[in-house]
Amino acid sequence: MAIENLHNFMTNYFTANQCEIVEKNNGKLTVQLTDVMDELLMNRPFYWQYVKKLGYPGEPMQVSFITNPERREEKGEWIHFGSPRVHQIFGTLTTKGKFTRLFEHVENIERTPLDPWLVINVKISYMGKHKKDEILSIGLHLINGAMKLDMMDHLRSIKLQNSIADFCYTITPMIKVASGYRRILQHIETKLQNEQHEWAQESWQHLQEEKQLLGHFYTDDEDESAAKLKEQELLDIENRYQPRISIDIINGGVFYFTQKTSQHLLKK
């Protein structure tokens, strides 16, 4: 499930940044980068400085990412949650701005109302003996409070633009963005409370075993330096195995859709 989650996240990320998806099959994603994304991700500053100085068009790279362990020996970059490339991509989401405001592309000559939606993308990290990351994309209708999961997957089929289309107007939200944000976080917290957390119990048990093992290496009459070393090693063990969950906001925004699109989203 985590593999599929990462594959979908990568697909959505490159699609949202206007990159052509050349191949998307069974845990392998091949992407034709744009100039902007090549500069952002591929660490070729000398090349881009050179072509820009000469006024030449650049040649952005085509890259393949593999999330399926059974295909990791194939040509491409093997990635997983925690790999440097994924951390780099999360970083670009932060540097490029965490919050956006987009409008559905509408072509008509009639006045058309647009419904406001709050969309939040979240990374949940389960940390302990083992580490697992999960990406959630949640949309909240700011008029009626309806919630939609896997929102980024649905956004891929909706044409968006930075400015509102002619003859369109936005409907004032009944739910403020701050209140909508709290509702989404409450949903995530409820989800976590309802999950089975055997991993946390396993981590806690392993933590106690590591503490007991550490105790065998030190005596009660140890000197001050040994006591400090024991305290530091104990802290390291707790940091490594103490079960905990972190919730990090990747990015978010307010999206305005026609009522037809809103109804379609809610029926899916």
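Here is a quick tour, topic by topic. Keep in mind that this is a predicted model.

- Let's begin with the strands: four of them form an open sheet, in the order E1-E2-E3-E4.
- The pairing in this sheet is mixed.
- Strand E1 (20-25) and strand E4 (77-78) sit at the edges, and each of them pairs on one side only.
- Strand E2 (residues 28-32) and strand E3 (residues 62-66) run antiparallel, and five bridges join them.
- To spot one of these partners, find Val-31: its bridge partner in E3 is Val-63.

**A closer look at Gln-62**

- You'll find Gln-62 in strand E3.
- Which residues does Gln-62 touch, leaving aside its neighbours within four places in sequence? The answer is Val-22, Thr-30, Val-31 and Gln-32.
- With Gln-32 there is also a polar contact, side chain to side chain, at 3.3 Å.
- Now try Leu-33: it is 29 residues away from Gln-62 along the chain, yet their C-alpha atoms are separated by 5.9 Å.

**Salt bridges**

- Some background first: side chains of opposite charge can pair when their charged atoms come close.
- How many salt bridges are there in this model? The count comes to 10.
- One of them is between the side chains of Glu-74 and Lys-28, with 3.9 Å from N to O.
- This pair links distant parts of the chain: Glu-74 is in the loop between E3 and E4, Lys-28 is in strand E2, and they are 46 residues apart.
- Glu-74 counts as partly exposed because its relative accessibility is 34%, while Lys-28 has a relative accessible area of 11%, so it is buried.
- Next up are Arg-85 and Glu-77, whose side chains meet in a salt bridge at 3.1 Å, N to O.
- Here Arg-85 is buried, because its relative accessible area is 14%, whereas Glu-77 is partly exposed, with 28%.
- Then there's the salt bridge between the side chains of Lys-191 and Glu-195, at 2.4 Å from N to O.
- Lys-191 has a relative accessible area of 22%, so it is partly exposed, and Glu-195 counts as partly exposed at 22% relative accessibility.
- Salt bridges can share partners too: that is how Lys-28, Arg-71 and Glu-74 are joined into one network.

- Look for Phe-46, Tyr-50, Leu-54 and Tyr-56, which make a nonpolar surface patch of about 500 Å².
- Where does Leu-54 lie? It belongs to helix H3, which covers residues 45-54.
- Why does Leu-54 count as partly exposed? Its relative accessibility is 40%, and partly exposed is the label for anything between the buried cut-off (under 20%) and the exposed one (over 50%).

Terms used:
Residues numbered from 1 in each chain as written. Predicted model: local features only at pLDDT ≥ 70, side-chain atom pairs only at ≥ 80, totals over all residues. Heavy atoms only, no water. Pairing = 2+ DSSP bridges. Helix = DSSP H or I, 4+ residues; strand = E, 2+ residues; numbered from the N terminus. Patch = residues over 30% accessible without salt bridge, like charges linked within 9 Å, V, L, I, M, F, W, Y side chains within 5 Å. Areas by Shrake-Rupley, 256 points an atom, 1.4 Å probe, with all protein chains shown as cover. Salt bridge = Lys/Arg side-chain N within 4 Å of Asp/Glu carboxyl O. Buried < 20%, exposed > 50% of the residue type's maximum accessible area, 1.4 Å probe, protein only. Contact = heavy atoms within 4.5 Å. Polar contact = N/O pair within 3.5 Å; in protein donor to acceptor, adjacent residues only side chain to side chain.
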